[in-house]
Amino acid sequence: MVVIRTLQRDVGPMLWGPTCRCGTAAWRGQPLGTSSRQIPADTNFHSASFSKADQPRVLITGGLGQLGVGLANFLRKRFGKDNVILSDIRKPSDHVFRSGPFIYSDILDYKNLREIVVNHRITWLFHYGALLSAAGEANVPLARTVNITGLHNVLDVSVEHNLRLFVPSTIGAFGPSSPRNPTPDLCTQRPRTIYGVSKVHAELMGEYYHYRYGLDFRCLRYPGIISADSQPGGGTTDYAIQIFHDAVKNGKFECNLKPSTRLPMMYIDDCLRATLEVMQAPGEALSMRTYNVNAMSFSPEELAQEVLKHIPEFQIVYNVDSVRQDIADSWPLNFDDSNARKDWGWKHDFDLPELVTTMLNFHGSVSRVAQAN
């Protein structure tokens with residue numbers, strides 16, 4: 001028998017730590033943008049093309065979050081270790097520091113961003129600095145500063161130095177008034193989280209800079225991203241990562257969403273490949289600048305049933321977090337990513353069975369090594 005309890009909690013306290021992908025303090029009265037430069041009205045830049053002899057020079061901001069390290073490793077295999085620079089305001093682990101170039105970068109410091117771009121001859125910028133959905137609701141002033149002010153600085157430095165800019169968006173950019181099954185690229189967007197609001201702002205500002213100044217802006221709306229080698233980072237879909245940690249370690253998992261809560265999901269390998277593919281797509285092939293991408297859609301109950309096929313003694317208990325549940329209930333059940341598939345040939349590799357097998361194999365291997373040591 002499954003018992004579902006509802007947990008009411010206060011989201012007032014400051015949330016600080018690893019859930020902030022580029023954390024910094026929020027200041028009262030700070031303007032939305034910190035760059036003092038004025039973009040000339042006649043500014044016009046064009047997309048750069050890159051040959052094998054002229055590989056892009058890449059900067060990843062907010063790089064110590066769930067996706068940044070994986071993206072850096074993925075791009076280094078393609079473009080060379082020294083051509084991809086990971087950055088954050090936190091100190092990296094020894095493993096991350098040894099794996100390739102890492103520098104300090106504060107997205108709220110426009111001068112710091114500009115110096116990095118100039119000194120390292122950056123041509124592509126991947127902007128991952130953000131507070132996620134649940135973390136943002138716990139600290140709205142900080143989320144507003146990081147997610148919006150930081151974005152403005154990134155946009156300005158990208159225009160000034162003719163960068164190709166990627167900014168990820170999210171299922172959280174939609175709200176309860178959006179079509180939910182499926183959710184198309186273009187529809188009503190009225191999110192009810194500061195994370196979602198900031199991502200709609202990012203989509204619109206990026207598209208405006210593209211049409212007004214010629215900025216080569218590209219954006220994907222990610223579903224929930226599931227990664228084997230990262231910890232949950234404060235998002236509503238984090239249960240789909242934590243379940244594998246707990247299944248292998250304890251044989252039991254406590255889920256903070258209702259059993260039937262269906263959300264779009266994607267394995268990180270597909271996510272990273274989609275990100276590179278849209279960045280490499282010819283500009284003329286893109287009919288829009290912000291695309292949905294999807295791979296699968298499932299509920300906690302369906303995920304648990306798939307885990308049970310591998311771990312028959314696995315148990316799941318539902319202890320519903322009202323804040324996360326309300327967020328999930330306003331998000332899409334399924335993404336329509338037909339434009340991405342048509343325009344630049346997007347195609348996912350991982351469905352639910354492959355996802356579960358891959359995740360359990362990874363965590364099982366890690367557990368066996370830890371026990372041996």
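The largest nonpolar core in this predicted model has 72 residues, and those with the most contacts inside it are Ile-60, Phe-126, Phe-298 and Trp-344; by nonpolar core I mean a set of buried Ala, Val, Leu, Ile, Met, Phe, Trp, Tyr and Cys residues joined through side-chain atoms within 4.5 Å, where buried means under 20% relative accessible area with a 1.4 Å probe, protein chains only. Its largest share, 7 residues, comes from helix α8, residues 268–280, helices being DSSP runs of H or I with at least four residues, numbered from the N terminus. Apart from this core lies another, of 29 residues, which includes Leu-59, Ile-107, Ile-122 and Ala-202.

Let me turn to Arg-76, which lies in helix α1, residues 68–79. Arg-76 is buried yet has no salt bridge, and the nearest side chain of opposite charge, Asp-82, is 7.3 Å away; a salt bridge would need a side-chain nitrogen of Lys or Arg within 4 Å of a carboxyl oxygen of Asp or Glu. What, then, lies 3.1 Å from a polar atom of the Arg-76 side chain? That is the backbone oxygen of Val-84.

On conventions, residues are numbered from 1 along each chain as its sequence is written. Local features need pLDDT of at least 70, side-chain atom pairs count only at pLDDT 80 or more, totals for chains, interfaces and linings use all residues, and side-chain values use heavy atoms, leaving out hydrogens and water.

Notes: Helix = DSSP H or I, 4+ residues; strand = E, 2+ residues; numbered from the N terminus. Buried < 20%, exposed > 50% of the residue type's maximum accessible area, 1.4 Å probe, protein only. Lys, Arg positive; Asp, Glu negative; His and termini not counted. Polar contact = N/O pair within 3.5 Å; in protein donor to acceptor, adjacent residues only side chain to side chain.
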